[in-house]
Amino acid sequence: MILKVLFMVQGSLLIILGLLGILAGDSALSGWGLEATPDLLMLNRGLSISTLTMGVIVVRIPAWVGNNLKEPALIGGAINTAWVINVAYDISTGAIGGPGATVNIVLTIIFAILFFVMGARHKNT
């Protein structure tokens, strides 16, 4: 049951971030330390739609797979780890910064750990 909640929490956050990126692109980009140019705003809208879509998928995974959440949880941990690597690289090169990048990497590390630990302990039925 707790693993289902984890999917719901991360999915909900992705939906919120996607909506914020679509509706308030300037603010979303400035939170990452980026200047909101017309080209970057267009790219941000596409990424925000993808984030919103992924949030809906993540929220729905428990309904689709029932209690067979071990593999989706481990895959979720791997996807979060890929995001941690990507964001850490972008921060280290100075491509992004600011509170948005910091909050994102901290939350994504937490989600990666939780998905790996809870997925490894989960017993499919």
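How much space lies in the largest pocket? The largest pocket holds about 1200 Å³ of space. The structure is a predicted model, in which local features need pLDDT of at least 70 and side-chain atom pairs count only at pLDDT 80 or more, while totals for chains, interfaces and linings use all residues. Residues are numbered from 1 along each chain as its sequence is written, and side-chain values use heavy atoms, with hydrogens and water left out.

A pocket, on a 1 Å grid over the protein atoms alone, is an open set of points with protein on both sides within 12 Å along at least five of seven lines, and lining residues have an atom within 4 Å of a point. Grid points are joined across faces, edges and corners, and a volume is the space filled by probe spheres set on the points. The lining of the largest pocket comprises 42 residues, and the closest to the pocket centre are Leu-14, Leu-17, Thr-51, Trp-83 and Asn-104. Each of α1, α2, α3, α4 and α5 supplies at least two residues of this lining, and α3 gives the most, with eleven residues. Helices here are DSSP runs (H or I, at least four residues), numbered from the N terminus. By class, the lining has 27 nonpolar, 14 polar and one charged residues; Ala, Val, Leu, Ile, Met, Phe, Trp, Tyr, Cys and Pro count as nonpolar, Asp, Glu, Lys and Arg as charged, and the others, Gly among them, as polar.

Helix α1 covers residues 2-23; at 1.5 Å a residue, its 22 residues should span 32 Å, and the 31 Å between its end C-alpha atoms agrees with this. The expected span is 1.5 Å times one less than the number of residues. Which residues of α1 are buried? They are Leu-3, Leu-6, Phe-7, Gln-10, Gly-11, Leu-14, Gly-18 and Gly-21. These residues lie on the same side of α1, because they cover an arc of only 120° around the axis, the arc being that of the directions from the helix axis to the C-beta atoms. Buried means under 20% relative accessible area, exposed over 50%, and partly exposed in between (1.4 Å probe, protein chains only). On the other side of α1, Ile-2 and Leu-23 are exposed.

The buried residues of α1 pack against α2 (25-31), α3 (38-65), α4 (70-93) and α5 (98-121). One of them, Gln-10, counts as buried because its relative accessibility is 11%. Apart from neighbours within four places in sequence, Gln-10 is in contact (heavy atoms within 4.5 Å) with Val-58, Asn-80, Phe-111 and Phe-115. Leu-23, by contrast, is exposed, with a relative accessible area of 72%. The C-alpha atoms of Leu-23 and Arg-45, 22 residues apart along the chain, are separated by 8.8 Å.

Helix α5 has 24 residues, which should span 34 Å at 1.5 Å a residue; its end C-alpha atoms are 35 Å apart, which agrees. The buried residues of α5 are Ala-101, Ile-105, Thr-108, Phe-111, Ala-112, Phe-115 and Gly-119, and they pack against α1, α2 and α4.

In the loop between α3 and α4 stands Asn-67, a partly exposed residue with a relative accessible area of 24%. Leaving aside its neighbours within four places in sequence, Asn-67 is in contact with His-122, Lys-123, Asn-124 and Thr-125. Pro-38, found in helix α3, counts as exposed at 68% relative accessibility.

Definitions and conventions. 1 Å grid on protein atoms, 1.4 Å probe; cavity = no way out; pocket = protein on both sides within 12 Å on 5 of 7 lines; lining within 4 Å.
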